[in-house]
Amino acid sequence: MKNLMYKTKILTEKLEATELNILDALMLIDYSLSSLNEMNSDDTAMNNLVSSAIKFSEQLGIDPVSDFNRHHRKRLLSKRIDQNPNTQCSIDLPTFYRVEFKKVLNTLIVLLNEHLKKSLVTFEPMITLFKMPWKQICSTENVKKVIELFPPGCKDFKMNDYDGVIAELKVLDHQCNVKKLDSLTKIFELSEDCKTCLPTANKLCRLVLTAPVSTASNERAFSKLKIVKNYLRSTMGADRLQHLMLLYSNKDILDCIDLKSSVKSWSLLKERRIKI
């Protein structure tokens with residue numbers, strides 16, 4: 001269980017990282033899913049976990065077997081298996097907790113698998129186009145599908161010069177091979193430097209890095225909204241609310257600002273009636 005908690009904790013922290021992109025997130029979910037499947041199929045490790053828990057309880061003066069038998073009654077076998085009503089089956093402590101542990105693992109596996117399948121269906125063209133190690137082999141059909149991932153209202157959604165996009169990606173790929181870049185972040189930094197001559201390739205890199213991985217930031221924003229707009233600020237206008245939310249959301253940056261120098265700069269903008 002401790003190993004499981006560590007893995008889910010690492011997965012949660014990585015999915016909430018600021019610099020995480022959608023492709024790395026899908027790879028991380030895939031790795032976590034395979035790791036959970038290995039844990040689910042390893043009955044020996046589960047039995048060893050229960051045995052170590054029993055030994056630790058005995059060191060504390062607790063008898064886990066007697067406590068288990070006191071709180072868990074014996075269960076009758078199904079009539080399809082045994083017609084004798086007096087026959088009873090007993091579930092021992094290791095079997096019970098192994099079943100409970102597998103329920104937790106199965107729930108996590110099903111949820112991750114569903115999320116992974118839905119994401120793969122949506123972002124399959126993007127994964128094919130930017131799969132690491134990056135070797136720019138793309139077709140017109142794949143580029144068309146990636147462009148369709150842009151928001152319908154923007155002008156990039158209506159782009160139809162697919163050959164020009166492929167040419168820009170090949171130039172970017174050549175530059176990446178020359179500089180031996182091996183991560184999406186470094187490729188994006190290179191595309192930023194070349195965005196004047198490779199504008200579409202830069203927009204595709206931006207699309208990969210800005211696709212939302214989780215809704216954690218949105219949920220935090222609503223939590224902060226409850227703190228900022230309370231019943232004492234019921235008549236606050238939209239502009240003031242937006243400014244306060246911006247300050248509260250970027251509190252880590254705000255704490256590094258020297259308020260005295262900011263006030264001094266503001267006071268020197270023009271002559272004041274009072275001395276500040």
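This is a predicted model: local features need pLDDT of at least 70, side-chain atom pairs count only at pLDDT 80 or more; totals for chains, interfaces and linings use all residues.
Me: Which classes of residue make up the lining of the second largest pocket?
Reply: By class, 11 are nonpolar, 1 is polar and 2 are charged. Residues are numbered from 1 along each chain as its sequence is written, and side-chain values use heavy atoms, leaving out hydrogens and water.

Me: Which of those lining residues lie nearest the pocket's centre?
Reply: Leu49, Val50, Ala53, Leu93 and Tyr97, out of 14 lining residues. Helices α3 (43-59) and α5 (93-130) each supply at least two of the lining.

Me: Switching topic, which residues touch the most others in the largest nonpolar core?
Reply: Met126, Phe130, Leu172 and Leu204, in a core of 42 residues. Seven helices, α1 (2-15), α2 (22-41), α5, α6 (140-147), α7 (162-179), α8 (184-193) and α9 (199-210), each supply at least two of its residues, and α5 gives the most, with 9.

Me: What is Met126 in contact with?
Reply: Beyond its neighbours within four places in sequence, Met126 contacts (heavy atoms within 4.5 Å) Ile22, Leu23, Val146, Leu149, Leu207 and Val208.

Me: And what lies apart from that core?
Reply: Another core, of 5 residues, including Val50, Phe68, Leu93 and Phe96. Val50 and Leu93 are also among the residues nearest the centre of the second largest pocket.

Me: How confident is the model?
Reply: The average pLDDT is 77, and 83% of the residues score at least 70.

Methods:
pLDDT is the predictor's confidence in each residue, from 0 to 100. On a 1 Å grid over the protein atoms alone, a cavity is a set of points where a 1.4 Å probe fits but cannot get out, and a pocket is an open set with protein on both sides within 12 Å along at least five of seven lines; lining residues have an atom within 4 Å of a point. Helices (H or I, at least four residues) and strands (E, at least two) are DSSP runs, numbered from the N terminus. Ala, Val, Leu, Ile, Met, Phe, Trp, Tyr, Cys and Pro count as nonpolar, Asp, Glu, Lys and Arg as charged, and the others, Gly among them, as polar. A nonpolar core is a set of buried Ala, Val, Leu, Ile, Met, Phe, Trp, Tyr and Cys residues joined through side-chain atoms within 4.5 Å. Buried means under 20% relative accessible area, exposed over 50%, partly exposed in between (1.4 Å probe, protein chains only).
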